[in-house]
Amino acid sequence: MLTYAVKRAAAALVALLGTTVVVFLLLRIIPGDPATAVLLTMLDPGAGSVELSMADIEALQAELGLTGPLPVQYLEWMGEILRGNLGTSLRSRQPIMGELATRIPGTLTLAAASLGVMLAIAIPCGVLGALYAGRPTDHLSRAISLLGESLPNFFLGVLLVYLFALWLRWLPSMGWQGPDSIVLPALTLGTGIAATTARLLRSSLLDTLSQPFMLMAEAKGLSRGRLLFRHALRPALIPVMTASSLVLGGLLGGAVVVETVFAWPGVGRYMIEAIAGRDYPVIQGFTLFMATLFIVLNFIVDILYRLIDPRIRVEVRRHG
Amino acid sequence: MADRLLRNLAAALRRDPLGCVLLALVGTLVLLCLLAPIVTRTDPTATDFARMLMPPSAENWLGTDDFGRDVFARLLFGGRTSLGVAAVAVMIVMGIGVVAGIVAGYFGGAVDLVLGKLIDVLMAFPRLVLAIAVAALMGGGIASLIVAISVVAWPAYARILRAFTLQVANEGYVQAARTLGTPVWRILGGHVALNLIGPILVLAMLDLGNLILAISALSFLGLGVAPPGPEWGSMLNEGRALIEIAPWMVLAPGMAIFLVVLSANYFADIARDSTEGRAVHGPRDWIAPSRPVARPELPSPNTKEPLLSFEGVTVDVVDPRSPYCGRRILQEVSFWVRPRECVGLIGESGSGKSTLAMLAMGLTRPPLALTGGAVLLSGTNTAAWRWDDWRGVRGRHVGLVNQDPLSALNPVLTIGDQISEVMAAHDAVPTGARAGRLRAVVDDVGLPASVVGRYPHELSGGMRQRVVIAMAIVNRPALLIADEPTTALDVSTQRRILDLIRDLGQQYGLSVLFVSHDLRVIARVADRVVILREGRVVETGTTAAVFAAPREPYTRALMAAIPGQHRQPQPVEV
Amino acid sequence: MLSVESLTKRYQGQDAVCGVSFSVAPGEIVGLVGASGSGKSTIARCILGLERPDAGLIRYGDAVLTDRAGRRAAGRAIQAVFQDPRSSLNPRWTVRRILSEPLETWFGREPSAARTVRLHALLLQVTLSADLLARYPHELSTGQCQRLCVARALACGPALLVLDEPLSALDVSVQARMLAMLRDLHAAGGPSFLLITHDFAVVREICQRVLVLNAGRIVEAGPVARVLDKPSHPVTRSLLLDALPLPFQTAAALDRWVDCTKPTLDVAIQRTPSS
């Protein structure tokens, strides 16, 4: 178990290093000079064509770390990151690390609540769907999954706000106004990813139920509860966990959208505000943070996976 | 393959009114979008401040927005952008994904390694987050939208297709083609690609909905089309602040996206179901609660009464959804198993021998049903038994050993757990005595005591079959059903397992119904034999009598077919 | 004709095949017997060029099969039939296309009528009906599929046919017909066979020479009559002992040595547990 954890942790570190390279290169391979683009955006659009001074451009290039050979740029950039410095926001002139830190709890709360909603919907839906395969219960649960998967979460969010906040006035619509503020955002984000999980769970449970070992378990005269919870559900969770990075990716990506819809004080909204101002360091910092969070969550799932499946070897999960 | 997919889709639609409605709706919408300049003469960007936020009317079918622009026109022209971007993105993503996946999968080596690393890194980001970052860095607009979506979406395809390709490349027919000396390009084109078209199409359909969602999410966030131009995601964003005054501004684009994504997902589901071909055997129907009719107690095997008897048993495929509906599996089969007797049931594949074994356990699966005759256990007719009645008998009075020991054990539970739970389920062994009984039964089947804490994958096939036998006999049942228990094992293991079953039969006083296609196996264990052919009993008798003087031509043919009776003429040794 | 010299193949550090040497002469039927996991199929895959050996040489005539050029030079001379006939046939191809594949590769295009005549002759060789040409594999029985595989291998006009457990997926009566067909094929001047099996009964039925494999090494080799009736190695003896006898006539030859080979047979075959 310990060797397994260490190996997975090493793999996660390598992935993390890879993501820093991608984030670093992205800014440098996009067409055009980033510094010029930033300066053009900062100018008043109404002012018409204005000559940008070469000195301004070079100053900003230096600030963004765009001068010198690429490997040196990368090492300097990485050095700053390892010291906990993600740079300075071009708009607010504040350190990005500090600005992110104040918003991280908001995003984590939303993600955790949405995961809760997801599990509360997905597990019953998937299990009932598989047990009553081909019957009304199954059709109902498949229909719910299909709807959940097809409703864009920004549309669902707007509809929920209209219904519960503006019309019925049961819940607050925007921002953080107390614990009940979390309900609508978490519902919006949770239902979308619940659909994927419920569908995965249904099909993997169906597969498990038609395995020969289930026939053997039934031939042993075991009770219904034991058949379902001890023999069927645990192996059925394995493929669901294998596909969990899909769900986690949907969770983190969806968080950005949902935070925008509900004006939720999290890193996603911080990012969207930065886009308009071409605040490149903020965009980079945000992307790195989300990738790190994603890798950490996947690492946790890997460890849980090992607890469920005694067969797993480190090599097995490479390349799906 | 592609035409089969279309045929399946068409067939599925004919049985599916909801699908037809959906197809009609989304078809109309797409057509309207394509023909937008003809359908509406209104300029989607023409502002008219006199007609701001007007509700739907004959003039403006879907109302107007806060600039007085016609929402219907914006919806249609916006659809051209949204769907066009999605179509281009799907093609780019599929193109890169398919080529990268097949190349990496078939050739392996350095290409595979480099592509694999690239895919790993790109997939270390949440998809939408990376897309937002790429689009944001590129500064928005349609081109950056397409690039952003393509960059994040291709790795998943490449990875799945690489796995598919590996799977196809290991298929027997590709190996055969390599042996035949078929050139690589023809193997890739004729074998690999041909067999990948189906999965590729299904994948494309499955992800089309996700791509459209991602595209509209990006433009909702302001990363798509520049403001005056219409696009569904950005229209929704413009409208959401005004939802109380002008809900049509949100509902029109929202429903359009929803409809398109819903149909993409719906038809992808149908396509996937038709290509994957769900197992014909659904899970057995054990979840519905049933009240026990009469919990049967089987008498101890001292009487001369048959323990298990089949009386004129007829089994048909009754499920009208099954393609074999109406086919007769067993036709008036009658024979019995007496206490302490081993009856060998011989038949080739398709003879219905396994169906008989399942009948004796009450485990017949849904498309099959008993349509005539009766199965009697200890003289009790089991016809009225419900699941709970059978549950009391299975594992307690009747044990099962089946063909494939590799799949008969639950992979995530320890051997000890799987044997002990049979005792716990039936209370045949007092709680205090269970640990001792576990040790004893493990020893009886010839396994070391240490296997108790192991998992199935740590044991060889022969050891796993011994575990299955231990599970079957731990409660000291009266009857053992052995369905091809040695077929999956090699000769040496096979002989040891056969001898084990024979010895345990004597030690435990078991009756055994032993099913096999191999006459040599039956001859070794059975006291009496029953020969089954296409659902009918051809011949029965004591083993000695049948093998010494087979009466029926079919029996004789079976015996003549046993290998080893002819000899190849030997060349003279030099 | 074919000679294998100290062939070695490792998987994950473990020897699957270790220093195996043997040869097959023209017109000969050689059986390769062993328990599962003894390396039979690995040897076949190395001969067929589907696997690259870690050490040793495989020669066919003057060509060395272990390098790619040599394999190409040997070309169509060595063909194979695998265990599972269903997966060996492309499910999306008709019988006609399946049989045409090797013809096209080795003899080029030819007029459709001439091709049909050739295909009919091939089908006849394996006792299949000529009107199967338009069918797909899933419309054939398992036995027919396996014969089709033999026909496809014969289409190249090989000098050696490697048969890897060709009977184990088939029913008893189908096995018998298949064996009879192979025997006829050989009698009519067909290629040499290297028959891989775990069943001594099949070896007795068709082979002239037999090699017994245990844990990746050949432990005994010789004419069938000698090896099966007077086995000299304990592994051969225990494999023979474990094989179930014919149910109605006890082979007199078996009886003679059973009594003197009782002790420690179980220890003789130590296989690595499959993981």
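The bend at a residue is the angle between two fitted axes, one for the seven residues ending there and one for the seven starting there. With that in hand, take helix 8 of chain A, residues 183–209: it bends by about 30 degrees at Ala194(A). Keep in mind that this is a predicted model.

**Helix 8 of chain A**

- Besides bending at Ala194(A), helix 8 is mostly covered, with 20 of its 27 residues buried.
- As background for reading any such element, an α-helix has 3.6 residues a turn, so residues three or four places apart point the same way.

**Aromatic pairs**

- Searching the whole structure turns up 9 aromatic pairs over all chains.
- One of them is Phe24(A) with Trp77(A), a tilted pair at 5.6 Å centre to centre and 45 degrees between the planes.
- Why does this pair tie together parts that are 53 residues apart in sequence? Because Phe24(A) lies in helix 1 (residues 2–29) of chain A, while Trp77(A) lies in helix 4 (residues 70–82) of chain A.
- Phe24(A) is buried at 3% relative accessible area, and Trp77(A), at 16% relative accessibility, counts as buried too.
- Over in chain B, the rings of Tyr266(B) and Phe267(B) have centres 5.6 Å apart and planes at 90 degrees, so this pair is edge-to-face.
- Both partners are on the buried side of the cut-off: Tyr266(B) has a relative accessible area of 14%, and Phe267(B) has 10%.

**Charges over rings**

- Arg306(A) places its charged end over the ring of Tyr4(A), 5.6 Å from the ring's centre.
- Chain C has an example as well: Arg118(C) lies over the face of Phe107(C), at 5.6 Å from the ring centre.

**Chain C: the open sheet**

- Chain C holds 11 helices and 10 strands.
- Six of its strands build an open sheet in the order 6-7-8-3-9-10, with mixed pairing.
- Which strands stand at the edges? They are strand 6 (78–81) and strand 10 (217–223), each with a single partner strand, so one side of each is left without a neighbour in the sheet.
- From one strand to the next, the twist averages 20 degrees.

**Chain C: the hairpin**

- Strand 1 (residues 2–11) and strand 2 (residues 14–24) of chain C run antiparallel and are joined by 7 bridges.
- Leu7(C) stands opposite Val20(C), which belongs to strand 2.
- The two strands make a hairpin with 2 residues between them, and Gln12(C) in the turn has a positive phi of about 45 degrees.

**Chain C overall, and who touches whom**

- Of the 275 residues in chain C, 54% are buried.
- Taking contacts in chain C between residues at least 6 apart in sequence, 65% join residues at least 24 apart.
- Among the 2 pairs of chains that touch, chains A and B have the most contacts.
- Chains A and C do not touch, and their nearest C-alpha atoms are 10 Å apart.

Methods: Residues are numbered from 1 along each chain as its sequence is written. Chains are lettered from A and ligands numbered from 1 in the order in which they are written. This is a predicted model: local features need pLDDT of at least 70, side-chain atom pairs count only at pLDDT 80 or more; totals for chains, interfaces and linings use all residues. Side-chain values use heavy atoms; hydrogens and water are left out. Helices (H or I, at least four residues) and strands (E, at least two) are DSSP runs, numbered from the N terminus. Buried means under 20% relative accessible area, exposed over 50%, partly exposed in between (1.4 Å probe, protein chains only). Rings of Phe, Tyr and Trp (its six-membered ring) pair if their centres lie within 6.5 Å; planes under 30 degrees apart count as stacked, over 60 as edge-to-face and the rest as tilted. A charge sits over a ring if NZ of Lys or CZ of Arg is within 6 Å of the ring centre and within 35 degrees of the ring normal. Two strands pair if DSSP finds at least two bridges between them. Axes are lines fitted to C-alpha atoms, for helices over the stretch in contact, and angles run from 0 to 180 degrees between N-to-C directions. Contact means heavy atoms within 4.5 Å.
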